[in-house]
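I opened this notebook to record what I looked up in the structure, element by element. The entries follow the order in which I went through them.

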Amino acid sequence: MDLNTIERNETDSASQSAAAASAPAKKVFVKTYGCQMNVYDSQRMTDALAADGYTATDVIADADLVLLNTCHIREKAAEKVYSELGRIRDMKAERAAVGREMLIGVAGCVAQAEGAEIIRRSPAVDLVIGPQTYHRLPDVLARVRGGEKIVETEYAIEDKFEHLPQPKRAEMIKRGVTAFLTVQEGCDKFCTFCVVPYTRGSEVSRPVAQIVAEAERLADAGVREVTLLGQNVNAWHGKGEDGMEWGLGRLLFRLAEIPGLARLRYTTSHPRDMDDELIAAHRDLPALMPYLHLPVQSGSDRILKAMNRRHTAKDYLALLERIRAARGDIALSGDFIVGFPGETDADFEATMGLVRQVNYASAFSFKYSPRPGTPGADMPDQVPEAVKDERLQRLQALLLKQQQDFGLSLVGCTIDTLIEKPGRQAGQKVGRSPWLQPVIVDEKAGEIGDIIRVRITKTGYNSLFAELA
Ligand code: 5AD
Ligand code: SF4
């Protein structure tokens with residue numbers, strides 16, 4: 001399951017489309033916390049609301065509906081949501097004073113985990129909706145406008161994706177040349193630290209036809225790079241167009257046939273689900289980018305066992321060897337947890353050793369945070385905060401050094417870059433390397449959506465500078 005914690009407003013997807021010309025359009029403000037799947041979900045909710053007459057706004061005080069799409073993976077995520085709700089409640093009161101409504105909704109994994117507790121603690125909240133029921137959002141809103149408070153966190157029997165409207169083509173074009181596409185949701189692995197199996201439910205794969213159709217629509221709207229998403233994306237499977245059972249590798253081959261789609265990625269994977277066909281895709285499919293996010297969490301077999309990862313450090317290293325043999329220029333990324341209950345200095349050193357051995361191009365590392373309801377939270381020998389802090393600092397220093405060395409190793413090389421957007425500074429455009437680094441080029445180097453050959457001239461903190469090759 002993926003990580004890079006981000007907070008953003010769903011402004012890019014501000015949809016002007018469905019606003020009725022006569023009535024003043026209702027406005028929705030969506031704030032997204034957490035992983036890429038939440039970013040994707042926020043877009044799909046925005047699309048569902050567009051069909052219901054809402055346009056997106058990035059000015060919260062203007063919003064008739066405020067929707068927080070929350071994350072529950074680490075830290076005091078729920079507490080952060082409650083304090084944000086306190087601020088929004090004040091805005092709701094200000095709007096009420098001038099006779100204007102502001103509905104407040106909580107979606108995402110905190111909604112799923114906390115349910116009715118949210119409305120009990122924050123009575124200003126009008127609706128709580130879990131990730132499996134986003135397609136019911138317009139109905140739920142209609143009932144809320146009728147005066148009800150709604151908590152909708154039951155797992156739906158019907159297929160959410162079949163009922164969620166697709167965005168308009170103009171809207172897709174506005175969202176840019178890279179896109180996320182959820183192909184799998186939920187997790188059956190039950191790592192003992194992780195809340196995902198409880199908030200996102202058990203593993204569900206979307207059918208091939210749905211995925212292909214969505215990818216074709218994206219390509220038709222100018223999208224050049226699609227990242228397939230799933231908490232356990234490489235566990236995706238489905239009945240193929242040939243009647244055979246397909247895995248993610250086969251699906252990638254199929255998606256690579258879609259005209260216009262030049263680049264494919266997928267995230268996040270579990271080591272146990274990297275099968276031969278997926279490794280073969282890395283060997284044989286030029287569109288599949290040579291970058292793999294494959295979390296290991298710890299380098300200690302004792303801790304891996306306690307985490308219920310169901311593989312050893314040696315298994316992981318052997319797997320990487322096979323993947324590297326298939327695709328020599330593949331760059332690796334990972335997730336790490338320090339301070340899992342019972343982690344000794346020796347266990348932590350094993351993690352440091354594994355990181356040195358693998359040499360990551362990028363990685364995410366976290367202090368263990370007990371999640372209510374998960375087995376890890378009740379384990380003895382919880383590690384003191386100060387020890388976690390110290391270990392995290394050391395691990396992050398090593399990972400940062402590896403990331404910077406990886407960037408430096410590219411200086412002087414000629415690589416492909418997908419131009420994504422205007423740069424922050426005038427005269428520049430920003431592209432993306434095959435290894436996900438931002439690449440800064442002169443704005444005349446190409447148009448957005450072009451894939452150009454560039455020579456890397458120097459590195460920035462987290463980016464590369466390049467000139468046309
Ligand atoms: N504490 C710390 N990190 C966690 N992650 C998941 N659950 C926890 C937790 N309870 C990390 C893992 C996972 C990533 C998405 O977040 O490294 O791969
Ligand atoms: Fe969480 Fe483990 Fe499932 Fe990833 S594989 S979502 S870490 S339970």
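**Entry 1, strand 5.** I began with strand 5, where Leu103, Gly105 and Ala107 point one way while Ile104 and Val106 point the other, and all of them are buried. I note at the outset that this is a predicted model. Counted over its length, residues 103-107, strand 5 is mostly covered, with 5 of its 5 residues buried. I then looked up its pairing and found 5 bridges that join it to strand 4 (residues 65-70), the two running parallel. One of the residue pairs I noted is asparagine 69 with its bridge partner in strand 5, alanine 107.

How many disulfides does the count come to? I find 0 disulfides. I checked cysteine 109 in particular: it is in no disulfide, and the nearest cysteine sulfur, that of cysteine 71, lies 6.4 Å away. Cysteine 109 counts as buried at 11% relative accessibility, whereas cysteine 413 is partly exposed, with a relative accessible area of 29%.

I next traced an open sheet of 3 strands, which has the order 8-11-14 and parallel pairing. Its edge strands are strand 8 (178-182) and strand 14 (263-267), each of which pairs on one side only. Ignoring direction, I noted that neighbouring strands of this sheet are turned by 25 degrees against each other on average. Strand 11 (residues 225-229) is joined to strand 14 by 5 bridges, and the two run parallel; here leucine 228 stands opposite tyrosine 266 of strand 14. Helix 9 (residues 208-220) packs on the sheet, where it touches strand 8 and strand 11, and its direction makes about 165 degrees with that of strand 8.

Which residues touch the most other members of the largest nonpolar core? Among its 56 residues, these are Leu228, Tyr266 and Tyr360. I listed the contacts of leucine 228, leaving aside its neighbours within four places in sequence, and they include Leu181, Val183, Val233, Leu248 and Leu255, as well as Tyr266. Another core lies apart from this one and has 33 residues, among them Ala63, Ile73, Ile88 and Ala111.

Is leucine 255 buried or exposed? Its relative accessible area is 0%, so leucine 255 counts as buried. Within helix 10, the buried residues are Leu248, Gly249, Leu251, Leu252, Arg254 and Leu255, and the buried residues of this helix pack against helix 9, strand 11, strand 13 (245-247), strand 14 and helix 11 (276-284). Leaving aside neighbours within four places in sequence, leucine 255 itself is in contact with Ile211, Val212, Ala215, Leu228, Leu261 and Leu264. I also looked up leucine 255 against alanine 287, and found them 32 residues apart in sequence and 9.4 Å apart in space, C-alpha to C-alpha.

**Entry 6, aromatic pairs.** My search of the whole structure gave 4 aromatic pairs. One of these joins phenylalanine 340 and tyrosine 368 edge-to-face, at 5.2 Å centre to centre and with 70 degrees between the planes. Phenylalanine 340 lies in the loop between strand 16 (331-338) and helix 14 (345-358), and tyrosine 368 in the loop between strand 17 (362-367) and helix 15 (385-409), so this pair ties together parts 28 residues apart in sequence. Both phenylalanine 340 and tyrosine 368 are buried. Phenylalanine 406 and tryptophan 435 also form an edge-to-face pair, with 5.9 Å centre to centre and 85 degrees between the planes. This pair links distant parts of the chain, 29 residues apart: phenylalanine 406 sits in helix 15, and tryptophan 435 in the loop between strand 19 (428-432) and strand 20 (438-442). Tryptophan 435 is buried, with a relative accessible area of 11%.

I closed with a barrel of 5 strands, which is closed, runs 18-19-20-22-21 and has mixed pairing. From one strand to the next the twist averages 55 degrees. Strand 18 (residues 414-422) and strand 19 run antiparallel and are joined by 4 bridges, and in this pairing leucine 418 stands opposite arginine 432 of strand 19.

Conventions: Residues are numbered from 1 along each chain as its sequence is written. Chains are lettered from A and ligands numbered from 1 in the order in which they are written. This is a predicted model: local features need pLDDT of at least 70, side-chain atom pairs count only at pLDDT 80 or more; totals for chains, interfaces and linings use all residues. Side-chain values use heavy atoms; hydrogens and water are left out. A disulfide is a pair of cysteine sulfur atoms within 2.5 Å. Buried means under 20% relative accessible area, exposed over 50%, partly exposed in between (1.4 Å probe, protein chains only). Two strands pair if DSSP finds at least two bridges between them. Axes are lines fitted to C-alpha atoms, for helices over the stretch in contact, and angles run from 0 to 180 degrees between N-to-C directions. Contact means heavy atoms within 4.5 Å. A nonpolar core is a set of buried Ala, Val, Leu, Ile, Met, Phe, Trp, Tyr and Cys residues joined through side-chain atoms within 4.5 Å. Rings of Phe, Tyr and Trp (its six-membered ring) pair if their centres lie within 6.5 Å; planes under 30 degrees apart count as stacked, over 60 as edge-to-face and the rest as tilted.
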